[in-house]
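Okay, thanks everyone, let's get going.

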Amino acid sequence: MPWTFDKSRLEVVGQLTNSEQATFDIFQNAIQSEGLHPAQAAARAGDTNYKRLLGDQFQIRLSQSSRATFLVLDDGGGNGRVEMLQLAGHT
């Protein structure tokens, strides 16, 4: 699969609501199961406002108050890895 998903560095800073968890699950599964680029996975999850924060760090909005922050490590050949950094809370 072109894109992989890594949660080994994930820090959870709050509890997700059922709706937030569902949005995150769609995002995560689109990358893990289908190998989608994180921008495509974010689009599939709905209105997540996928955006670059700084360098390789990106975030999606799970709700008005909750975000998922991650690194997008692209090898330039259509393959890459998403490394989750923080889940819940607001960055």
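So, how many aromatic pairs does a search of the whole structure find? The search finds 6, where rings of Phe, Tyr and Trp (its six-membered ring) pair if their centres lie within 6.5 Å. A quick word on the ground rules: this is a predicted model, local features need pLDDT of at least 70, side-chain atom pairs count only at pLDDT 80 or more, and totals for chains, interfaces and linings use all residues. Residues are numbered from 1 along each chain as its sequence is written, and side-chain values use heavy atoms, with hydrogens and water left out.

Back to the rings. Phe27 and Phe70 make a tilted pair, 5.2 Å centre to centre with 40° between the planes; planes under 30 degrees apart count as stacked, over 60 as edge-to-face and the rest as tilted. That pair links distant parts of the chain, with Phe27 in helix H1 and Phe70 in strand S5, 43 residues apart. Helices (H or I, at least four residues) and strands (E, at least two) are DSSP runs, numbered from the N terminus. Phe27 and Phe70 are both buried, and buried here is under 20% relative accessible area, exposed over 50%, partly exposed in between (1.4 Å probe, protein chains only).

Then there's Tyr50 with Phe58, a stacked pair at 5.1 Å centre to centre and 20° between the planes. Phe58 has a relative accessible area of 9%, so it's buried, whereas Tyr50 counts as partly exposed because its relative accessibility is 25%. Phe5, Phe24, Phe27, Tyr50, Phe58 and Phe70 form one aromatic cluster.

Now the core. The largest nonpolar core has 21 residues, and Phe24, Phe27, Phe70 and Met84 have the most contacts inside it. By nonpolar core I mean buried Ala, Val, Leu, Ile, Met, Phe, Trp, Tyr and Cys residues joined through side-chain atoms within 4.5 Å. Strand S1 (3-6), H1, H2, S4, S5 and strand S6 (80-87) each supply at least two residues of this core, and H1 gives the most, with 4 residues.

Last stop, the loops. Ser63 sits between strand S4 (57-61) and strand S5 (67-74), and its side chain makes a polar contact with the side chain of Glu20 at 2.5 Å. That's a pair of N or O atoms within 3.5 Å; within protein, one must be able to donate a hydrogen and the other to accept it, and residues adjacent in sequence count only if both atoms are side-chain atoms. Glu34, in the loop between helix H1 (18-32) and helix H2 (38-44), makes a side-chain polar contact with the side chain of Arg44, at 2.5 Å.
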